[in-house]
Amino acid sequence: MIQLELSPQQLEIQLHARKFARELMAPVAPIHDREGSFPLELLREAHKQGFLTPLIPKQYGGSEIGCLGACIQAEELASACMGIYVSIFVSTLALYPIVRFGTQEQKQRFLKPFCQGFSLASYCLSEKDAGSDPSSMKTLALPRGDHYLLNGTKMWITNGGYADLYVVFATRDPALKHRGILALIVPSSLEGVKPGEPIDKMGQRASNTTPVTFKEVRVPVENLLGGEEEGFKKAMAALDVTRPIIASGAVGLARSAMELASSYASRRVQFGVPIAQHGAVQTMLADMGISVSAARLMVWRAAWLADKGLKNTKEAAEAKAFSADAAMKVTTDAVQIYGGMGYTKWHPVEKLMRDAKVIQIYEGTAQIMRRIVAREMVREHS
């Protein structure tokens, strides 16, 4: 039987995240958005409360609440600020490949210290000229006996300026395309690791985004993640688990825009009645509610499959694509319902609209998600 009711544990996860979001995140979100500043102390508290380790097993000190639990948590946190939430989330993106594919020695060496004390991690895949096509990356990792010599620059790295640990994708030989790509666990303390200046962004301004340059960095061979031949394929497979989580963040953002628009429409009077009584506005509000509900169910389905250990590549991509598009549409319509007020910084919906756009770009663009869905559909029916 299909169960859509949250368990007592899941309700506890939801309420815990909602309290943190409303009491600690929401009050400071406008400040960090306006200043483009990084909420380091808030991240410390988020780490202390277990929000950075939802997929790390308890034996290493993590929360271990599963993909669905992490999605429930994500919706609540992102409802307060998607930018701050992304900085919380990205450590999960970086560390889950170690959880799933790392050796026992790697898990002990990297996961335990991360859970025991405040730390941040970053996922280094994209480059200035290698985004949706990682096979064109130029960052080199050349084997040199007991280490790899790492050279190159990664771009758009969330938490790049504050991370203590990077999971870095590099190639042994660009001519090998995907077959030449491997993943390395790179502590920021290694000589030659240099984060760049923060990038000034349109939205999600509370998250720290930088380039990170690796110059003659000697990475021990024991930091190779997943093997030279299968490292990239295995590490990328982890995205089937992390994509529903970021998609759930989009649901939380869209939900906030929907709630604000509904409240404003009930107060704003035109032609002698609240605009919520006008058919055109009612249609917009209804579409918001439909989109948020549908997106949440798609996220939960993809997360449920992941927790069952079942293949969810198509479902994860569907959830990411639909939720990101829904967030963009809902926030745009929220600005429209607010009218001229929505286009000012006097009200929060313009921030939500700016924050929403990049969800259609990072962690796999809307177009790449559709390519994955189509590929999986063809495989299913051929």
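Modeller: Buried means under 20% relative accessible area, exposed means over 50%, and partly exposed lies in between, with a 1.4 Å probe and protein chains only. The model is predicted, so that local features need pLDDT of at least 70 and side-chain atom pairs count only at pLDDT 80 or more, while totals for chains, interfaces and linings use all residues. Residues are numbered from 1 along each chain as its sequence is written, and side-chain values use heavy atoms, with hydrogens and water left out.

Biologist: Is Thr 242 buried or exposed, and what is its relative accessible area?

Modeller: Thr 242 belongs to helix 8, where helices are DSSP runs of H or I with at least four residues, strands are runs of E with at least two, and both are numbered from the N terminus. Its contacts (heavy atoms within 4.5 Å) reach Phe 89, Thr 92, Leu 93 and Tyr 96, leaving aside residues up to four places away in sequence. Thr 242 is therefore classed as buried, since its relative accessible area is 1%.

Biologist: Which residues have the most contacts inside the largest nonpolar core?

Modeller: A nonpolar core is a set of buried Ala, Val, Leu, Ile, Met, Phe, Trp, Tyr and Cys residues joined through side-chain atoms within 4.5 Å, and the largest one here has 104 residues. Apart from it lies another core of 18 residues, which includes Leu 150, Tyr 166, Val 193 and Phe 214. Within the largest core, the residues with the most contacts are Tyr 85 and Phe 169.

Biologist: Which residues does Tyr 85 touch?

Modeller: The list leaves out residues up to four places away in sequence. On that basis, the contacts of Tyr 85 are Met 25, Ala 74, Leu 77, Ala 78, Ile 245 and Ile 246.

Biologist: How many residues of strand 4 are buried?

Modeller: In a regular strand the side chains alternate between the two faces of the sheet. In strand 4, Leu 165, Val 167, Phe 169 and Thr 171 on one side are buried, as are Tyr 166, Val 168 and Ala 170 on the other, so both faces are covered. Strand 4 (residues 165-171) is largely enclosed by the rest of the structure, because the number of its seven residues that are buried is seven.

Biologist: How many bridges join strand 4 to strand 5?

Modeller: Two strands pair if DSSP finds at least two bridges between them. Strand 1 (residues 121-124) pairs with strand 4 in the parallel sense over four bridges, and there Ser 122 stands opposite Tyr 166. Strand 4 and strand 5 (residues 181-187) run antiparallel, with Leu 165 opposite Pro 187, and the number of bridges joining them is seven.

Biologist: What is the bridge partner of Tyr 148 in strand 7?

Modeller: Strand 3 (residues 147-158) and strand 7 (residues 209-220) pair antiparallel over nine bridges. Strand 7 is also joined by three bridges to strand 6 (residues 193-195), again in the antiparallel sense, and Val 193 stands opposite Phe 214 there. In strand 7, the partner of Tyr 148 is Val 219.

Biologist: What phi does Glu 216 have?

Modeller: Glu 216 is found in strand 7 and counts as partly exposed, at 47% relative accessibility. Although it is not a glycine, Glu 216 has a positive phi of about 55°.

Biologist: How is the lining of the second largest pocket divided into nonpolar, polar and charged residues?

Modeller: On a 1 Å grid over the protein atoms alone, a pocket is an open set of points with protein on both sides within 12 Å along at least five of seven lines, and lining residues have an atom within 4 Å of a point. The second largest pocket is lined by 24 residues, of which Ala 29, Pro 30, Ala 80, Pro 348 and Lys 351 lie nearest its centre. Counting Ala, Val, Leu, Ile, Met, Phe, Trp, Tyr, Cys and Pro as nonpolar, Asp, Glu, Lys and Arg as charged, and the others, Gly among them, as polar, the lining divides into nine nonpolar, three polar and twelve charged.

Key. On a 1 Å grid over the protein atoms alone, a cavity is a set of points where a 1.4 Å probe fits but cannot get out, and a pocket is an open set with protein on both sides within 12 Å along at least five of seven lines; lining residues have an atom within 4 Å of a point.
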